[in-house]
Amino acid sequence: MTEAARVVRGGGIAWTRGLDTVAGMPDGYGGNLGPEDRLADTYSRWEQKTLLDDPGTTRRIDLVRLLPGFADPGPAYHDSAEECLVLEGGCDIDGEGPVEAGDYFWRPPGWVHAARTRTGFLGLLCQEGVSEGDASGPATRRVRPAEDLGRNALFDDLETAVGPRGWIRRLPTPLMPWVPAVALAPNRGWMRVLDCPRLSVKVLSENRNTGALSLLARFEPGYRDPAARRLGRRLIGYVVSGEIEAGNAALGRGDLIHRPAESAPAALSSPAGAVLFMKVDG
Ligand SMILES: [Fe+2]
C-alpha cells in the first residue's frame, strides 16, 4: 500500500509544555536529560508542537519555543543529524556559538553541544533519524562532560565527522541570494515537474551523493505546477509565510505537508505567494 500524503495543521496543535515534552521525546532521550531533580525546572521553559514523528526512522520535526532563561540540562550529542531553522529570537550554543532568527544549521551526528537562550527562541527543529545516505543514526541524546563541548564524540576523523552534507554550523539565510529554480533544475531532475519560472530557492544543505537537500523555496504569486505529478522523492514542506495549495488542501503559516515519494500525484499552486522550508529525500 502506498503511503498517503498528509497535511499537519500546526495552528491546530496545542503546545506541549513542561514534563509532558519529556514524556513525548524519542526513546533514546529518556534517562539522558541530566539530573532528574532539575527536569521540571528546565522543561518549564521548553514548549513544542510535534509536526512529524516517524517511528520507523525516529525522524521528527518539532516547532520548539524556548522561554527566556531556558538552558539545556547539560552538554550532549545525538546519534542523528540535527537541523534547525531559527524563526524568532536566538540561542547561544555552547561549543558552537550564537544563532539568531533566519539562521539555519545542519549538525552531523556526534557533535557535543548545549543550548541556552536569554531572549527566547522559536525554531523548527528536526532530527533526521536513521538515514544511511546522510550517515545519520537514530534520534538519541547522550550526555557528555563539559570538556567535550565542540568536539565530536563519535568520530576522530574530521572528514567522517562532518559527513556527506558537511557541518553547516551557522548559515544566515537572509544574506543568501534567491536562486532561480530554472538554474538548478537541470541538475535536480525532480524539480522539473515544478513551475520553475515562478520558483526560487536557497539551498541550505545538500548531499551531493544522494541528492537529498534542505532548502527555502519562494513560490511567486501565481505559481502553479504544470500538471499533477509524482516527485518521485519524499518531500516535506513547512510554510514559513504566505499560502500554498496542494491538491485540494490550502496550507498557511505553520502548516506542514508530507508527501511520500509514491503518494498520489498532486499539483502545487500559490495564488498569493509563499515561502516554505523544504526537505527533499535522496
Ligand atoms: Fe541538540
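L67 is partly exposed, because 14 other C-beta atoms lie within 10 Å. In these terms a residue is buried with 20 or more other C-beta atoms within 10 Å of its own, exposed with 12 or fewer, and partly exposed in between; C-beta atoms are placed from the backbone. The model is predicted: local features need pLDDT of at least 70, side-chain atom pairs count only at pLDDT 80 or more, and totals for chains, interfaces and linings use all residues. Residues are numbered from 1 along each chain as its sequence is written.

L67 sits in the loop between β4 (60-66) and β5 (76-77). Strands are DSSP runs (E, at least two residues), numbered from the N terminus. Leaving aside residues up to four places away in sequence, L67 touches R45 and G120. Contact here means C-beta atoms, placed from the backbone, within 7 Å.

Pairing requires at least two DSSP bridges. Two bridges join β18 (residues 244-246) to β21 (residues 268-270). A246 has L268 as its bridge partner in β21.

The largest nonpolar core holds 52 residues. Such a core is a set of buried Ala, Val, Leu, Ile, Met, Phe, Trp, Tyr and Cys residues joined through C-beta atoms within 7 Å. Residues with the most contacts inside this core include L276 and I244.

Note on methods:
Helices (H or I, at least four residues) and strands (E, at least two) are DSSP runs, numbered from the N terminus. Two residues are in contact if their C-beta atoms, placed from the backbone, lie within 7 Å.
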